[in-house]
Amino acid sequence: QRRVHGIFNNLRMNAFYGIGLVTALLYWICIDATFLKMYFFIFVAYILLTQLGTYSKYNNKRKKCNIAAWNPPNSSAVFVSFEWDTTRAQEFLEKKRAESNLPVTLTHFVGLAASRALANQPDLNGRLSFGNYIPKDTLGISFLVSLDNGKDLGACTVEKIDEKSIEEICQELTSTSKKIRSHTDKQHAQRTGALGFIPTFILEPIMFIMGYITSNLGISLPMLGFKKYPFGTCVITSVGMLGYEHVFVPLPPYTNVPLLITVGGTKRKPIAVGDEVKIRDVINVTLTLDHRYTDGARAMEVYRKFVDGLHDPESCVKSAREQEIKSPAQIQAA
């Protein structure tokens, strides 16, 4: 029964493509070969674009094999999970709250640690366009916001997050999330206003096209409320407030991001601290990686730096600029 339902669902979702293909073939057979000529012209143009757009510095043989071998994130996702002892992070946040009088949270701190880990990583901070990997000139991270008691989601993207402090991240997220939750954010309203009236088989190609234009090509569509790279390079979602302790979240294809970080709920458990066993607050953190963007060895560099940052908050205090880490644009110029 599940298999039949799945087949029916796929047919329904692909109806838009199927109707278009059948109509084009009938026109070609019954009227003339215009469709065939147009198809051949577009096909040749696409091949030329893929060759002209090749960046030899980043598109090595292994990278091109990854892009060619894997489909979008429904099949290329890699999951990594670890337990995070939040003791030092909580102490760090209490200090920051006292100094700044801002409601800095563990989610803000996860974004801070992720930004420091992703800074100076052109192999992961990039986009896939016309079959090629192209590094981005800035680093952005988006945080998912729950709306209307979980009935909807919004995304707050912090641009150039590797250059910002945890206080700046907190202020920006607090301001944007309030607008989204109160339905006063114009861009969010523009993006989602018509979703309830569009059939799913039409919504699927629309989401693909919008995602490709804004995330893969890096083109803004202000009339529709879309900025370029609307989800940045990484998406962070906190599911602890929903009651989940440990969750593996898939990469939504329309986000076109290489990394998704899921923060679970806090639990008390005994862990080894040196030669002693102590009861500590622990959180399960899950990383979902799109294998098309990078290999395990390169991803391990980001993973280690991210985990080290979570356990050593003071190492995340300085921004990439203060640490004299090259920006994405500077890396490309070099």
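**Notes on salt bridges, a helix and a surface patch**

1. Let's begin with E83: at a relative accessible area of 36%, E83 is partly exposed. Here buried means under 20% relative accessible area, exposed means over 50%, and partly exposed is in between, with a 1.4 Å probe and protein chains only. Please keep in mind that this is a predicted model, in which local features need pLDDT of at least 70 and side-chain atom pairs count only at pLDDT 80 or more, while totals for chains, interfaces and linings use all residues. Residues are numbered from 1 along each chain as its sequence is written, and side-chain values use heavy atoms, with hydrogens and water left out.

2. On confidence, the protein has a mean pLDDT of 82, with 80% of its residues at 70 or more; pLDDT is the predictor's confidence in each residue, from 0 to 100. Residues 1-9 deserve a caution: pLDDT stays under 50 there, and the model gives them zero contacts beyond four places in sequence. A contact is heavy atoms within 4.5 Å. Where pLDDT is low, the predicted coordinates should not be read in detail.

3. What does E83 pair with? E83 forms a salt bridge with K269, their closest N and O atoms lying 2.8 Å apart. The two come from distant parts of the chain, E83 in strand β1 (residues 77-85) and K269 in strand β7, 186 residues apart. A salt bridge is a side-chain nitrogen of Lys or Arg within 4 Å of a carboxyl oxygen of Asp or Glu. Helices (H or I, at least four residues) and strands (E, at least two) are DSSP runs, numbered from the N terminus. K269 is also partly exposed, at 23% relative accessible area.

4. The structure contains eleven salt bridges. One of them joins E172 and K164 at 2.8 Å, N to O, and E172 is partly exposed at 26%. Another links R292 to D290, with the closest N and O atoms 2.8 Å apart; both R292 and D290 are buried. Shared partners also tie E83, K267 and K269 into one network of salt bridges.

5. Twelve of the 13 residues of α6 are buried, including F109, R116 and L118. Just after α6, N120 has a positive phi of about 65°.

6. K160, which is not a glycine, has a positive phi near 50°; K160 sits in the loop between β5 (152-159) and α7 (166-181). N256, also not a glycine, has a positive phi of about 55° and lies in the loop between β6 (234-238) and β7 (259-273). Buried or partly exposed? K160 counts as partly exposed because its relative accessibility is 42%, whereas N256 is buried at 17%.

7. Finally, the surface carries a nonpolar patch made of Y39, F40, F43, V44, Y46, I47 and L48, with about 710 Å² of accessible area together. Patches take residues with over 30% relative accessible area and no salt bridge, joining like charges within 9 Å and nonpolar side chains (Val, Leu, Ile, Met, Phe, Trp, Tyr) within 5 Å. Accessible areas come from the Shrake-Rupley method with a 1.4 Å probe, and for residues only the protein chains shown count as cover. I47 lies in helix α3 (residues 34-52) and is partly exposed at 37%.
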